Every structure is written in C-alpha cells, then in structure tokens.
Amino acid sequence: LSAAGWLVFLVSMLAATASTAAQTTYFKVGDDLKASCQATAAGEQNASTAEYLLCLGYLQAVVATDATFAEWGNVSRQACIPPEITSSQLRLAFLDWLNERPDYLRFSAASLALTAFSESWPYKKE
C-alpha cells in the first residue's frame, strides 16, 4: 500500500474502534497483550482462538506501523523482520522476550512488542 493507503487504513481502523474504545481497551500494557498471546490456537487443549488471533494481528500491526512510519520518513525503522518469519514466530519471540523481563509488564504493549522485535531482529542501516 502507498503511504496514503496506509493512512486511510489506519484512520478507518481507529474510527471503527473509537465507539468501543470507552468500553474495552485492548493491550494497554504488556500484561494484557501477554495474556492474549499465551492463548492457544484451534485444535490445542483449552483453545482460545479469538485471543490467539487478536495477539497475532496486534503484533503484525506493530511491525506494519514500524515499516510505515519509516517509509513516510518520520522515524528510522526499528526492526527488520526477515520475510520468512511467520506471525506465530513473532508471537513466540515476543513471549520469550517478555518472559525474560517480567518487570516490564506494565509498560505500553506496543512499545514492548516493538522493542522485542528490534532486539530480536535489529534494523541495520546500510
């Protein structure tokens, strides 16, 4: 998508969730995101597929936002996720990183995810 396309997408997503934002705030802090990311996929014991998919989508959005802001020229890219990394692998990397830092659970969920990815796959300027 072009920069304008991403902007339209992000604004539409915010508008769609604005009406429910007062009722429910997902992933305000790392502890909230961790709880969803610890959910299991369909077919696994005690499956919570909705939470699992919510986690994957959130982590993908963090990666996409990092790339988008870099393309717009606002900030340098923080993470360089290899194309072969799946969203499930993003989830595992985030959980592994966060489990080593339990004191971080009260920090912003998005900043924790981006930090986890930037430390796991740092962006190297050429």
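Where does P102 lie? P102 is in the loop between α4 (87-99) and α5 (109-120).

## Model and overall make-up

This is a predicted model, in which local features need pLDDT of at least 70, side-chain atom pairs count only at pLDDT 80 or more, and totals for chains, interfaces and linings use all residues. Residues are numbered from 1 along each chain as its sequence is written, and side-chain values use heavy atoms, with hydrogens and water left out.

The protein has 5 helices and 0 strands, and its elements run α-α-α-α-α from the N terminus on. Helices (H or I, at least four residues) and strands (E, at least two) are DSSP runs, numbered from the N terminus. Of the 126 residues, 29% count as buried. Buried means under 20% relative accessible area, exposed over 50%, and partly exposed in between (1.4 Å probe, protein chains only). Among contacts between residues at least 6 apart in sequence, 66% join residues at least 24 apart; contact means heavy atoms within 4.5 Å.

P102 counts as exposed because its relative accessible area is 52%. The C-alpha atom of P102 is separated by 9.4 Å from that of G30, and the two residues are 72 apart along the chain.

## The disulfide

The whole structure contains 1 disulfide, that is, a pair of cysteine sulfur atoms within 2.5 Å. C37 and C55 form the disulfide, with their sulfur atoms 2.0 Å apart. The pair links distant parts of the chain: C37 belongs to helix α2 (residues 30-37) and C55 to helix α3 (residues 49-72), 18 residues apart. The link of C37 and C55 is right-handed, with 90° about the S-S bond.

Both C37 and C55 are buried. C80 has a relative accessible area of 36%, so C80 is partly exposed.

Two packed helices are described by the angle between their axes and the distance between the axes. Axes are lines fitted to C-alpha atoms, for helices over the stretch in contact, and angles run from 0 to 180 degrees between N-to-C directions. Angles under 35 degrees count as roughly parallel, over 145 as roughly antiparallel, 65 to 115 as roughly perpendicular and the rest as oblique.

α2 and α3 pack at an angle of about 125°, and their axes are 7 Å apart. α2 is therefore oblique to α3. In this contact, L33, S36 and C37 of α2 meet E51, Y52, C55, Y58 and L59 of α3. By class, the contact has 6 nonpolar, 1 polar and 1 charged residues. Here Ala, Val, Leu, Ile, Met, Phe, Trp, Tyr, Cys and Pro count as nonpolar, Asp, Glu, Lys and Arg as charged, and the others, Gly among them, as polar.

The axes of α3 and α5 come within 10 Å and cross at roughly 70°, which means that α3 is roughly perpendicular to α5. Y58, L59, V62, V63 and D66 in α3 meet A109, A110, A113, L114 and F117 in α5. The residues of the contact of α3 with α5 divide into 9 nonpolar, no polar and 1 charged.

## Aromatic residues

The structure holds 4 aromatic pairs. Rings of Phe, Tyr and Trp (its six-membered ring) pair if their centres lie within 6.5 Å; planes under 30 degrees apart count as stacked, over 60 as edge-to-face and the rest as tilted. Y104 and F107 form an edge-to-face pair, 5.6 Å centre to centre with 90° between the planes. W97, Y104 and F107 form one aromatic cluster.

Y104 is partly exposed because its relative accessibility is 34%. F107 is partly exposed, with a relative accessible area of 47%.
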